[in-house]
Amino acid sequence: MFKTRTNKNIDVQNLPWAPERITSTRRLPHVFAQDELPQADKRGLAGARLFFSARTREASRFGPFRQFLVNPSWRAAQGLKLIGLGERIDVCIKELPVSYVQTQRVIAEIWQTLHPKFVVHLGIARGSSVVTLEQTGKNRGYRDKDVRGHCPVSHCCVDEAPEELCSVIDMRAVSKQLKEEAGMDVVYSRDAGRYLCDFAYYCSLYHGQGRAALIHIPTSGGLASADRLVPLLQTLIRTMLPDISQQSNGHHAVKHERLQGQ
């Protein structure tokens, strides 16, 4: 059993997104105060556990991301742990290894032992200047080797499982809402890249019955800076919470089927 990290593991003084150092929240009108969460969130997610995963620092020294000394997705996860999503929501974070086998094991363990309401995976979109919301995880086509030089057996996530799985979150609707109402640089995608992020996402969608999200964060432009990125991610995830609350109460079956068919 692995240990989740808590606030005591984070050096607050050295984080540019510590609450007293965030200067850009005025540009994010949809950041909720803790007592302003939508009522659906309070009813369906009170006391809920939300889990965030990101790649290890090993990922930053491997393959296309070796130029990053510290993995930006893990720094973002630490920032979200620090500022939170509301006083009644338990935020846990976990680094994922750059290994298909270990990623598969850790994700199964998260869902089977910690029973989160929702899992958010954070990954890097190299060269991108926008945040990308991934709708689907793909089951097959994983032919690029991991840090140990291995590929999944049969090049797939789960044998005899669907070719793709969708999040219960309507990522197209979320990206449109945040663009129109808050002017955020957020885009929608149905192809997460057939590497470890996509692999982890599919495994999480499979174990969590769609209650997962994959957010690719930028490595260039203004949003690559933590003091802008972390509050934006907080806003994004809080925008998704009403959907998770409704889904946990059994209202999302029809919508999930529609997203699968898009």
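The model is a predicted one, in which local features need pLDDT of at least 70 and side-chain atom pairs count only at pLDDT 80 or more, while totals for chains, interfaces and linings use all residues. Residues are numbered from 1 along each chain as its sequence is written, and side-chain values use heavy atoms, with hydrogens and water left out.

Helices (H or I, at least four residues) and strands (E, at least two) are taken as DSSP runs and numbered from the N terminus, and two strands pair if DSSP finds at least two bridges between them. Strand β4, covering residues 131-134, is joined to β8 by three bridges, and these two strands run antiparallel. Strand β8 itself covers residues 212-218 and is also joined to β3 by seven bridges, this time with the strands running parallel.

The word buried means under 20% relative accessible area, exposed means over 50%, and partly exposed lies in between, as calculated with a 1.4 Å probe on protein chains only. Seven of the seven residues of β8 are buried, so this strand is largely enclosed by the rest of the structure. On one side of β8 are Ala212, Leu214, His216 and Pro218, on the other are Ala213, Ile215 and Ile217, and all of them are buried.

Strand β3, residues 118-125, is likewise mostly covered, with eight of its eight residues buried. In a regular strand the side chains alternate between the two faces of the sheet. In β3, Phe118, Val120, Leu122 and Ile124 point one way, whereas Val119, His121, Gly123 and Ala125 point the other way.

## The aromatic cluster

A pair of aromatic rings is described by the distance of the centres and the angle of the planes. Rings of Phe, Tyr and Trp (for Trp, its six-membered ring) pair if their centres lie within 6.5 Å, and planes under 30 degrees apart count as stacked, those over 60 as edge-to-face and the rest as tilted. The structure holds four aromatic pairs. One of them joins Tyr100 and Tyr142, which are edge-to-face at 6.4 Å centre to centre with 70° between the planes. Because Tyr100 lies in helix α3 and Tyr142 in the loop between β5 (136-138) and β6 (164-166), this pair ties together parts that are 42 residues apart in sequence. Both of these tyrosines are buried.

Tyr100 also forms an edge-to-face pair with Phe199, at 4.9 Å centre to centre and with 75° between the planes. Since Phe199 lies in helix α5 and Tyr100 in α3, the pair ties together parts that are 99 residues apart in sequence. Tyr100 has a relative accessibility of 2%, and Phe199 has a relative accessible area of 1%. Together, Tyr100, Tyr142, Tyr195 and Phe199 form one aromatic cluster.

Helix α3 covers residues 100-114 and includes Gln102, which is partly exposed at a relative accessible area of 24%. If residues up to four places away in sequence are not counted, Gln102 touches Pro97 and Arg148, where a contact means heavy atoms within 4.5 Å.

Helix α5 spans residues 196-207, and 10 of its 12 residues are buried, so it is largely enclosed by the rest of the structure. Among the buried residues are Leu196, Cys197, Phe199 and Tyr202. From its first C-alpha to its last, α5 reaches 16 Å, close to the 16 Å expected at 1.5 Å a residue; the expected span is 1.5 Å times one less than the number of residues.

## Positive phi values

Most residues other than glycine have a negative phi, and most peptide bonds are trans. His115, however, has a positive phi near 50°; it lies in the loop between α3 and β3 and counts as exposed at 56% relative accessibility. Arg194, which is not a glycine either, has a positive phi of about 55°. Arg194 is found in the loop between β7 (186-189) and α5, and it is partly exposed, with a relative accessible area of 29%. Gln209, which follows α5, has a positive phi near 55°.
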